[in-house]
Amino acid sequence: MAISPQNFPRKRRPSAGSFISPTLSDRRLVQSLLLVSQEISSLAPLQFLLKRNSVSIIRKSNLLAFLFEELLRNPVSCFAPTAILCFEEMYIVLQRMKTLIEDCSNGSRTWLLMQNESVSNGFHELTLDLSTLLDIIPVKGLDLVEDIEELVLLIRKQCSETAAYVDPTDETLRRDLLKMLDQIKREIVPDHKKLAEIFEKLDLQDSASCSDEIKSLEEEFQNQRDDKSKSEVTALIGLVRYAKCVLFGASTPKSHGRRQKSMTDTIIPADFRCPITLDLMRDPVVVATGQTYDRTSINRWIESGHNTCPKTGQILAHTNLIQNRALRNLIILWCREQEIPFQTTEVNDKVKAATQNKTLFGATKMTVLFLINKLTDSESVEATNRVVHELRVLAKTDSESRACIAEAGAIPLLVRFLGSDNPNLQVNAVTTLLNLSILEANKTRIMEIDGALNGVIEVLRSGATWEAKGNAAATIFSLAGVQSYRKRLGKKTRVIKGLMDLAKGGPASSRRDALVAILSLAGERDTVGRLIEGGVVEMVIEVMAASPEEAEEAVTVLEVVVRRGGLVAVAAAYHAIKKLSVVLRSGSDRARESAAATLVNICRKGGSETVAALAAMPGIERVIWELMGTGTERCRRKAASLLRMLRRWAAGLDEDVPTTTGHSTTVTTTSRPVLHS
């Protein structure tokens, strides 16, 4: 009887209870009807679109409240079955009326305008449903006073409209909006005066309201199921972005001490991290050994010639990758709760397919050209900063925007502002480059355009703020995603020193950026030697001591360095044994796993002296036993290896094993305490 939920232009989904008849006693049912009718009566009518439709529904609900109040005053405690059935259905209709008005109020105005006729029909269908219920309700059997009976007849008459009312003014505005979209699709610059008139009628009259409208449209995109609707929504997003810039100018950036919330600004659950990069997995896949990795990372691992599982070391029986859908869904839910922007590879493909329409592309292109021209003509630092901030926001949205910005020649312009004396301008410039670098083609542009890479490195080393330095480190990490660039970056002493200094002296979020970038560079064996020379082991020890929050990243860096760095790395890591034993006791699951793996490598390559140093740690065997019972699968295996080494050492079975001290190799025999189980 009532309108289908799919017709709601919603910012959120109606609750399931809105469409289910309540199971209540007669009196409680009437009380619920009174409550929901009063809730509708208290709603503000829609102001800019569908005003008459919303006013009509609110007025009828207000009148119905008098009927339910009278029924509650009535001594009759039991109603006829027909009346009960009508009341139950009426409860559903009223709930849907309430939901429809709320969602029209809270959702996107441009999308509501596009759906003007269908939403008007939705209001009409609900009114007809209410009319049908009022026609069949046994009014005479309700023992109502005469005034209330007349009121019911009045509501029936008001509900007897034969056709849906579509406001002519709203419909004219909708046609103007469609014409504007068609012009942009044909790459005709729209009349700014006409565009301003449309946005004024929708009460989108400043940059902030346009930003809110874009967010509403992005949420609407997630609600849509068919490609046609998704395409229409994305076209509107492009139009609003364009209007935001050309009508209201570049917005004033909000002052903040750190970039907008990202994955490095919060603690990522260990199970959501890729074991290779330690970054949040976007497309988790399962390999032959049952371990889960991010698709991009494990593909790069396999394509580089490896045939083993990075986490377990087992030989892969095959290289087929199976998507871990359950984990992916958990990651998506977590990102939504944390308000972290996130898209899986699969979602990106779907978005790309849905957004490849001429209207969106035309609007994005016009917006970018407008901003680039403004950037070229800006005469003040404040105006320049506002334009660069708009480019920063736009570069964060999608691949098409990143491509348009770079193709329009923005990167050389942004490079000029990396050395700005204005801290905000410097932050916005380097963060825009970071956002642009997400696109593979832009990585090449940044690496090859004269001064771009050096500018980022200078910000990393001597940026005006920690935010600027952290975002420069994140840019280095992004560029290092290409193997040839990773090798090139690893050869630059300034990059290594800048990352080391940031990891030691920066705030928590910036330290994470630096550690993740160092971890990426350590993927190249040639770079590990430079990292050791630059003091990476000492830096890791310092970070573990000063910041338990970053211990996980720090220990993982040490694990990779020791594994790839040979005897020199083992000798350097000898002094980290005490800190690693502390992590074994109190670190996170992932940190304990990396600490155990690092100790195994140190003890295997370092000989009896390193095993003796580990055995000297108070209570170490008990800690290892605990790890064997409570750690991750890999952690349990590494703990078992450590225990075997300790017991062989205690039994004197590894005497005359080469022990590394600095760059020399000697034979050492040590006295051995008895280890107790």
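Reader: Thr367: buried or exposed?
Author: Buried. Its relative accessibility is 2%, and the cut-off for buried is under 20%. Keep in mind that this is a predicted model.

Reader: Which helix is Thr367 found in?
Author: Helix H14.

Reader: And what does Thr367 touch?
Author: Gly238, Arg241, Tyr242, Cys245 and Leu394. That list leaves out residues up to four places away in sequence.

Reader: Switching to H7. How many residues, and what reach?
Author: H7 runs over residues 168–185, which is 18 residues. From first C-alpha to last, H7 reaches 26 Å. That is close to the 26 Å expected at 1.5 Å a residue.

Reader: Which residues of H7 are buried?
Author: Asp170, Glu171, Leu173, Arg174, Asp176, Leu177, Met180, Leu181, Gln183 and Ile184.

Reader: What covers the buried residues of H7?
Author: Several helices, including H4 (109–114), H5 (116–136), H8 (192–201), H10 (227–248) and H14 (358–377). H14 is the helix that holds Thr367.

Reader: What caps the N-terminal end of H7?
Author: Asp167. One of its side-chain oxygens lies 2.8 Å from the backbone nitrogen of Thr169.

Reader: What about just after H7?
Author: Glu187 takes a positive phi there, about 60°.

Reader: New topic. How do the axes of H2 and H3 cross?
Author: At roughly 145°, with the axes coming within 11 Å. H2 covers residues 51–73 and H3 covers 81–106. The crossing is left-handed.

Reader: Which residues meet there?
Author: From H2, Ser54, Ile57, Ile58, Ser61, Leu64, Phe68 and Leu71. From H3, Phe87, Met90, Leu94, Met97 and Ile101.

Reader: How do the residues of that contact divide: nonpolar, polar, charged?
Author: Ten are nonpolar, two are polar and none is charged.

Reader: OK. Why is H24 called largely enclosed?
Author: Because 13 of its 14 residues are buried. H24 spans residues 508–521 and reaches 20 Å from first C-alpha to last. That is close to the 20 Å expected.

Reader: Last one, the whole chain. How many helices and strands?
Author: 32 helices and five strands. Of the 677 residues, 53% count as buried.

Reader: And what share of contacts join residues at least 24 apart?
Author: 72%, among contacts between residues at least 6 apart in sequence.

Conventions: Residues numbered from 1 in each chain as written. Predicted model: local features only at pLDDT ≥ 70, side-chain atom pairs only at ≥ 80, totals over all residues. Heavy atoms only, no water. Axes fitted to C-alpha atoms, helices over the stretch in contact; angles between N-to-C directions. Helix = DSSP H or I, 4+ residues; strand = E, 2+ residues; numbered from the N terminus. Left-handed = near helix turned anticlockwise from the far one by under 90°. Contact = heavy atoms within 4.5 Å. Nonpolar A, V, L, I, M, F, W, Y, C, P; charged D, E, K, R; others polar. Expected span 1.5 Å × (residues − 1). Buried < 20%, exposed > 50% of the residue type's maximum accessible area, 1.4 Å probe, protein only. Polar contact = N/O pair within 3.5 Å; in protein donor to acceptor, adjacent residues only side chain to side chain.
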